Amino acid sequence: MSELWAQLGSILATIMFMYAIIERFLPSSFRDSLQIYSQKVITLFYPYIQITFHEFSGERLKRSEAYTFIQTYLSENSSQLAKRLKAEVIKDSQNPLVLSIDDDEEVTDEFQGVKLWWAAIKIETSSHGFSSFSNYKRYYKLTFHKKHRDLITISYIKHVLKEGKEIAMRNRQRKLYTNNPSSGWYGYKQSKWSHIVFEHPATFETLALEKKKKDEVIKDLLKFRNGKDYYAKIGKAWKRGYLLYGPPGTGKSTMIAAMANFMNYDVYDLELTAVKDNTELRKLLIETSSKAIIVVEDIDCSLDFTSQRKINKNEKNDEEDSFMEQKDYYHRKKEEEENNSKNSKVTLSGLLNFIDGIWSACGGERIIIFTTNFVEKLDPALIRTGRMDKHVELSYCCFEAFKVLVKNYLDIESHYLFDEIGDLLEVINMTPADVAENLMPKSVNEDVETSLKNLIQALERKKVEEQEVEEDKEDSVGIVEDVKENGYIVSVKNNMLL
């Protein structure tokens, strides 16, 4: 045995001596050729293939997305097998401290019964100029048997990059964006969107909505999220539109937050009055990311997208029924339109192209949501199927929604006062926001029964108010009829109060 070790040592010493001679005395061109041919000889006997993924690539040496996705994949799936780990603080992540395999560490992975090896490599490169700092190159090296070449190059690498991207999206810190005025789009560190961390706690479990309607929305969202191949098959952009409508305080904004949390999407709150024209609107769309919800709240008040023809056609039939409501609405709307028209030139056509035009197909996996308090005022072209694919009405609080709220606020599921509250909710229109406000204890001394009685008192007051409003409406209709008989017009005509 000692003779064997002596011979082995002698061979290694000879190899090292020859290597030193070659490096010192032979020209570089000869050394390069020798290295190429020696590598070919080695590959005849070495049955493994190696693929490297460098940290920086391209002419401008941008950080490689493939390297980032591989790092994320290995951190999630293989880091527990490594003996040496490094901790990094990752910006915009739900888990700021991420553990990954350390430099010069190797881990194993398995794919369809095939074993592979990943190694994190760091090599020092020569420094330039008078810099006293050392430069390093990092890359991941994948090693596998050559008989599995097709499986690894065609399937496994795609699997790693896809999984790494999905993990990164799942762990990212979601954001709430709002569009900046175009005057701040250009310059150092300027952007079209500014953002904050999205931390709204709403979920479908806490949303005050009938279970049937809630389940319907959840199933629709799941179908959309898993429908990438289906949308490609039918030739449609991977997007979906939702129209949320109902009186103020019925939970439209809360529904949006619950949808964003359920889908794990970012939210882009688009303020149309800050957009100058259709070109700017298109540029804002291009700057949005995939896996996002684009929201335009109160679309009927943003710009003049109401249906003039629909109002004119039906004004004779419903002017008596909605005289007081339209009076307040058109006074307010006229003032808003006068202010908005001075700054924004976004047209209905431009908005339609934004929702359903060619540019809407840039990116993918986007949901567009409009909210409105007056769905009947919107132009039918804006909310037709294909643009706003699903219409969800959020109405006044029903008993089923009340049970969700009382569970959220008082942590109870039954009480002897529930029957009385259920009877009142059947005949009184109170929004979930008002119900929640009355259920919320106002002091440490208020117990469950006090909160429920506060709600009952509020419902009874609301009942009296509704009766008074009905009486006033009947009186107003009578006044309109009397004035008409005298030949005067006191009504809504051509969207103006005369």
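How many aromatic pairs does the count come to? The count comes to 15 aromatic pairs, where rings of Phe, Tyr and Trp (its six-membered ring) pair if their centres lie within 6.5 Å, and planes under 30 degrees apart count as stacked, over 60 as edge-to-face and the rest as tilted. The model is predicted, so local features need pLDDT of at least 70 and side-chain atom pairs count only at pLDDT 80 or more, whereas totals for chains, interfaces and linings use all residues. Residues are numbered from 1 along each chain as its sequence is written, and side-chain values use heavy atoms, with hydrogens and water left out.

The pair of W118 and Y156 is tilted because the ring centres are 6.4 Å apart and the planes stand at 40°. This pair links distant parts of the chain, 38 residues apart: W118 lies in strand 7 (residues 114-125) and Y156 in helix 4 (residues 149-171). Helices (H or I, at least four residues) and strands (E, at least two) are DSSP runs, numbered from the N terminus. Ring pairs also link W118 and Y156 into a cluster with F53, Y67, F111 and Y140.

Y230 and Y231 form an edge-to-face pair, with 6.1 Å from centre to centre and 90° between the planes.

The table gives the accessibility of these residues; buried means under 20% relative accessible area, exposed over 50%, and partly exposed in between (1.4 Å probe, protein chains only).

| Residue | Relative accessibility | Class |
|---|---|---|
| W118 | 1% | buried |
| Y156 | 0% | buried |
| Y230 | 45% | partly exposed |
| Y231 | 9% | buried |

A charge sits over a ring if NZ of Lys or CZ of Arg is within 6 Å of the ring centre and within 35 degrees of the ring normal. The charged end of K223 sits over the ring of Y230, 5.5 Å from its centre, and that of R225 sits over the ring of F262, 5.4 Å from its centre.
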